[in-house]
Amino acid sequence: MAKSTTPRAAKNARTNRKAGRRSPLASVALIVIGLVATGGAYAMFTSSATANTATANSTLTSDGAKLFAANCATCHGMNLQGTKDGPTLIGVGAASVDFQVGTGRMPLAASGPQAEQKPVQFTANQIKALYTYVASFAPGPGIPDKQYLGGNGDAAKGAVLFRTNCAMCHNVAGAGGALTEGKYAPSLAGVSAKHVIEAMETGPQNMPVFNDNNLTPADKANIVTYLKYLDKNPSPGGLDLGNLGPVSEGLFLWIFGLGTIVGITIWLTAKAN
Amino acid sequence: MTTTETPKTVLAPTRGARFTGAAANYIDERTSISGLVKELGRKIFPDHWSFMLGEVALYSFIVILLTGTFLTFFFQASMADVTYAGSYIPLKGVDMSAAMNSTLNISFDIRGGLLMRQVHHWAALLFVASIGLHMLRIYFTGAFRKPRELNWLIGFVLFVLAMAEGFTGYSLPDDLLSGNGLRIIDGLVKGLPVIGTWTSYLLFGGEFPGTAIVGRLYTLHILLLPAILVAALGIHLVLLVINKHTQFAGPGKTNDNVVGVPIMPVFAAKAGGFFFIVFGVIVLIASFFTINPIWTYGPYDPSPVSAGTQPDWYIGFADGALRLVPSDWGFMIGPWTFSLNIVAPVLVLGLFIVAVAIYPFIEGWVTGDKREHHIADRPRNAPTRTAIGAAGVTFYAVLWAAASSDLIATHFGLTIEGVITTLQYLLIFGPIVAYLVTKRICLGLMKKDREIALHGYESGRIVRLPGGEYIEVHEQLSDYERWRLISYDDYKPLMLRPDAKGRISVTERLRAAMSNWFFEDRIAPVTRAELEQAHHSGHGAIEAAPESEPAQLH
């Protein structure tokens, strides 16, 4: 704001001076000068604030650069440009790095059909340093706003969206499912709201991107609310057998249901010794 | 029961006995039921665990009837649009059909409703599973032979009806899973050449999903199918009584008698108790384990499909066949495309099912055996039949596994393409390998039995003879144990003989070839002469061969 005001104000001042050196316009000039001074001061103040943040960021960025060079650069390249073993990270955004590193998928343990989830390798601060560093190269999806993470949206709307957009890979109960060539959609049980939203925004592995035009932040918050509901509320019908549908039900019935019954028939027809 | 025996002592009957007698007499004079009770009450049932599997099916059917009646009080078979306002939070305000709405209300807002739903569904799974196991028992013991071929056919019809009942029931709640299932059926029907589209429109009353299908399936599910099922079940049980129960060979058990306990009072008490045990097991499972959580599936909407969408287990083999058919099967004639993706699996499954239905008649024709059989075979003693059964089971099992190919892939860290390809090969070669291996195992076991019957079993006692020779003492079996090993039917390949006109027909040739296939490899049962020979040839002190009973039946 301040920057854009400055040239217009200056132009106004010039025209005023050209129009004549009569005293009635002096007050206008005074106001203009006052405005310019205020704007300039504001601009100076803002820029000095930016300088402070930049200092903090530069520490993070340099930490991130070191971590990146040590853990990521082999595949992603020293300048994030990518190599034959890994894609470029220019423009992937903080959200992508936070998701991949924060869920333990990166650094990759071995190349395979897709990155496996494993214990997280870095502390929260290190992860922050890494994503700050990567985000400093080019803009991309940022860390999701806290207001969407609380799980206070509308679970019913979230459930409808989930069934339409997510269930074909992740299963209606978020239990996960198979994709082609050994890839799979992982289970969503216990995944943090932040990571769920980051995954929707960045589309890790084989997942499509659900940007804010596709699913608004409120929609995403509703989906998170539904997933939290599933996590917190066990199935009303009893143990859920992994939420895998009729296969686990049939398997259970054959092994434990019919198994029990056959055991009982053997007991009933056993001859007394 | 209703007899009026004169008491041996002069004691006057008590009041209770007098009342029972009077009441029984009253009923008998008006219905002549005493004859039936006398006949049925003395019906004998042999005791073996595998003879109770049909009972399990019967009892789970009763449980299904009881809980199903409860569910009909609250279920609305309508596809009219309503907005859910019940107590399950993640569906509040969602539009759905009245069927789904009422099923959710049964689950969450009607006292005991969820338990009843789960008992109904688990009992249905157990019903079909126990029928399947019962059929396998009948098959592998040859209990389908004359005079029971018709009852096999009726039992088969019951199995198909049970699957139809299951599928129609699965589709009623109009949740996402059942809608996806119906969509597959719709695709299946539409895939049939020429008549497909019209049949689909007829079924669904227009374009899928329409607004009619739930109501129609409901009528089938609670009216038509159960009526046919109960009728067929009645005939099945009447034939069971008329034909008597089979029994395994054993001392005193012949083709002309049935050894066991009478219905009244022992069997009735056992069976009654067993009903409650089966009921109890089902309720226990239903209380602790969720089945078909329609609340997570949500209302049906043609756009979403969930990962891991499968039919209930008994339709799984059909789903598996659709998954295994190569996706590029088809050809073009001029401008018309002929896709085999649906027709091929439907034909294969049709042939498989028909083969199961008519197997008793095929085997009867091949053996040419017109005798009645009331002694159940031990599976090993009919190697070819057992091997064919094993091949059939393998075929079914592969199709069944294919229905869960995606879950096999995710849970064992495999690629879904790898799983499908493996299962495609297994579908062809699995039954062949199963056939060969089973047949050899059966023949090996028969050889072992023959050896034991002739020479006894190795006792592990080594004796040194005065001459320095070491021998292992063979213990002889008791007559009772031996009887079990040597009494089985021996079939030989049919001789090809010209008929009255001196010609050999093609059918006869086929029959002789089939008979040769069935009985070419065989281990003959031990004959009496062989037994005597073995026992007199001397393996130390040996008891004499059985004198009174023939060692061979035929």
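Residues are numbered from 1 along each chain as its sequence is written, chains are lettered from A, and ligands are numbered from 1, in the order in which they are written. In this predicted model, local features need pLDDT of at least 70 and side-chain atom pairs count only at pLDDT 80 or more, while totals for chains, interfaces and linings use all residues.

**View 1**
Chain B holds 19 helices and ten strands. Helices (H or I, at least four residues) and strands (E, at least two) are DSSP runs, numbered from the N terminus. Its C-alpha atoms fill a box of roughly 95 × 85 × 60 Å along the principal axes. The domain assignment gives chain B domain 1 (1-41), domain 2 (46-298) and domain 3 (456-490 + 526-554). Such bounds come from an automatic or database domain assignment. The centres of domain 1 and domain 2 of chain B, taken over C-alpha atoms, are 39 Å apart. Of the 554 residues in chain B, 37% are buried. A residue is buried if 20 or more other C-beta atoms lie within 10 Å of its own, exposed if 12 or fewer, and partly exposed in between, with C-beta atoms placed from the backbone.

**View 1. Confidence in the model.**
The scores are ipTM 0.89 and pTM 0.86. Chain B averages a pLDDT of 89, and 95% of its residues score at least 70. Here pLDDT is the predictor's confidence in each residue, from 0 to 100. Residues 539-554 of chain B stay under 50, and the model has 28 contacts for them beyond four places in sequence. Two residues are in contact if their C-beta atoms, placed from the backbone, lie within 7 Å. Chain A has a mean pLDDT of 84, with 85% of its residues at 70 or more. Over residues 1-6 of chain A the pLDDT is below 50.

**View 2. Where chain B meets chain A.**
Here 57 residues of chain B are in contact with 50 residues of chain A. On the chain B side, the elements giving two or more residues include helix H5 (113-140), helix H10 (263-288) and helix H16 (416-455). That side divides into 34 nonpolar, 17 polar and six charged residues. Ala, Val, Leu, Ile, Met, Phe, Trp, Tyr, Cys and Pro count as nonpolar, Asp, Glu, Lys and Arg as charged, and the others, Gly among them, as polar.

**View 3. The largest nonpolar core.**
This core has 150 residues. A nonpolar core is a set of buried Ala, Val, Leu, Ile, Met, Phe, Trp, Tyr and Cys residues joined through C-beta atoms within 7 Å. Among the residues with the most contacts inside the core are Leu130(A), Val134(A), Trp122(B) and Phe127(B). H5(B) gives the most to it, with 15 residues. Leaving out residues up to four places away in sequence, Phe127(B) touches Ala57(B), Ser60(B), Phe61(B), Ile64(B) and Ala162(B). Another core lies apart, with seven residues, among them Ala387(B), Ala390(B), Ala434(B) and Met446(B).

**View 4. A covered helix in chain B.**
Helix H4 (residues 98-108) of chain B is mostly covered, with eight of its eleven residues buried. Among the buried ones are Met100(B), Asn101(B), Leu104(B) and Ile106(B). Their cover includes helix H3 (53-74), strand E2 (81-83), strand E3 (95-97) and helix H9 (213-243) of chain B.

**View 5. Met96(B) in its strand.**
Met96(B) sits in strand E3 of chain B. Met96(B) counts as buried because it has 22 C-beta neighbours inside 10 Å. Beyond its neighbours within four places in sequence, it is in contact with Val82(B), Tyr84(B), Asn101(B) and Pro299(B). Met96(B) and Tyr300(B) are 204 residues apart in sequence, yet 7.5 Å apart in space, C-alpha to C-alpha.

Strands E6 (residues 330-333) and E7 (residues 336-339) of chain B pair in the antiparallel sense over four bridges. Two strands pair if DSSP finds at least two bridges between them. Phe331(B) stands opposite Phe338(B) in E7(B). Two residues lie between the strands of this hairpin, and Gly334(B) in the turn has a positive phi of about 60 degrees.

**View 6. Phe99(A) in its helix.**
Phe99(A) lies in helix H4 (residues 93-102) of chain A. Phe99(A) is buried because 28 C-beta neighbours lie inside 10 Å. Leaving aside neighbours within four places in sequence, its contacts are His195(A), Glu198(A), Ala199(A), Thr202(A) and Pro204(A).
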